[in-house]
Amino acid sequence: MGTVRQPNTGSLSVYCMNRIPAPQKILVRAPNWIGDQILAYPCFHYLRAGYSTAQITVVCQPWVASVQFRHLVDEVYVLPQPKRASLWGQVQALEAGARALRAYGPWDLGICLPNSFSSAWLLARAGVQWRRGYVTDGRGFLLHDKLAWEPHSAQHRAEAYVHVL
């Protein structure tokens with residue numbers, strides 16, 4: 001039987017917490033797919049347990065909005081969809097979402113659950129003060145707290161989401 005590691009629910013990494021004493025506004029970029037969102041439940045549970053008074057806003061695609069853990073987050077922001085099915089249309093939609101989130105900020109902490117470049121870009125363009133996530137997809141320069149991603153490890157995806165905390 002495998003070893004179960006309990007996350008640090010009292011605070012984020014020491015490296016992160018030396019720079020952010022107690023985040024009051026946390027922005028979480030949620031996974032894009034329903035199955036991945038379900039696997040992210042422990043991450044949201046421990047995030048809320050560790051930061052019970054923080055305002056936690058989750059950012060997601062429309063097709064996963066209905067499965068957000070609304071008892072663990074304060075708000076759900078659904079990303080705008082591209083008006084055109086082109087790369088430029090996707091960039092415009094991403095920037096529109098970032099602009100709206102920036103106006104709603106400032107954000108103390110951003111947690112990037114998807115490993116995509118665009119999810120880290122969104123947090124950076126939204127003006128999140130401290131961004132945390134896995135260094136994949138060439139997005140390391142967009143993150144402050146860079147976590148090593150090991151694609152062939154035996155770590156379950158649910159555990160990988162909790163590890164971001």
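Author: Let's start with a term: a salt bridge is a side-chain nitrogen of Lys or Arg within 4 Å of a carboxyl oxygen of Asp or Glu. This is a predicted model, where local features need pLDDT of at least 70, side-chain atom pairs count only at pLDDT 80 or more, and totals for chains, interfaces and linings use all residues. Residues are numbered from 1 along each chain as its sequence is written, and side-chain values use heavy atoms, with hydrogens and water left out.

Reader: Thanks! How many salt bridges does the structure hold?

Author: There are three salt bridges. In one of them, Asp145 pairs with Arg132, and their closest N and O atoms are 2.0 Å apart. Asp145 sits in strand 6 (residues 145-147) and Arg132 in strand 5 (residues 130-134), so the pair ties together parts that are 13 residues apart in sequence. Helices (H or I, at least four residues) and strands (E, at least two) are DSSP runs, numbered from the N terminus.

Reader: Is Asp145 buried or exposed?

Author: Asp145 counts as buried, at 7% relative accessibility. Arg132 is buried too, with 4%. Buried means under 20% relative accessible area, exposed means over 50%, and partly exposed is in between (1.4 Å probe, protein chains only).

Reader: OK, and which residue forms a salt bridge with Asp74?

Author: That's Arg48, with the closest N and O atoms 2.9 Å apart. Asp74 is in the loop between strand 2 (55-60) and strand 3 (75-78), while Arg48 belongs to helix 3 (residues 41-50), so this pair ties together parts 26 residues apart in sequence. Asp74 is partly exposed at 44% relative accessibility, whereas Arg48 is buried at 15%.

Reader: And what does Glu95 meet in a salt bridge?

Author: Glu95 meets Arg125, at 2.9 Å from N to O. The pair links distant parts of the chain, with Glu95 in helix 4 (residues 87-104) and Arg125 in helix 5 (residues 117-125), 30 residues apart. Glu95 is buried, with a relative accessible area of 15%, and Arg125 is partly exposed, with 35%.

Reader: What about the backbone? Where is the cis peptide bond?

Author: The bond from Gly105 to Pro106 is cis, with omega near 10°. Pro106 is found in the loop between helix 4 and strand 4 (109-112). Another backbone detail is Asp137, which has a positive phi of about 60° although it is not a glycine. Asp137 lies in the loop between strand 5 and strand 6 and counts as exposed, at 52% relative accessibility.

Reader: Why point those two out?

Author: Most residues other than glycine have a negative phi, and most peptide bonds are trans.

Reader: Last one: what is the average pLDDT of the protein chain?

Author: The average is 87, and 88% of the residues score at least 70. The term pLDDT is the predictor's confidence in each residue, from 0 to 100. Over residues 1-11 the pLDDT is below 50, and beyond near neighbours in sequence this stretch has twelve contacts in the model. Residues 13-18 also have a pLDDT below 50, with 14 contacts beyond near neighbours in sequence. Contact means heavy atoms within 4.5 Å.
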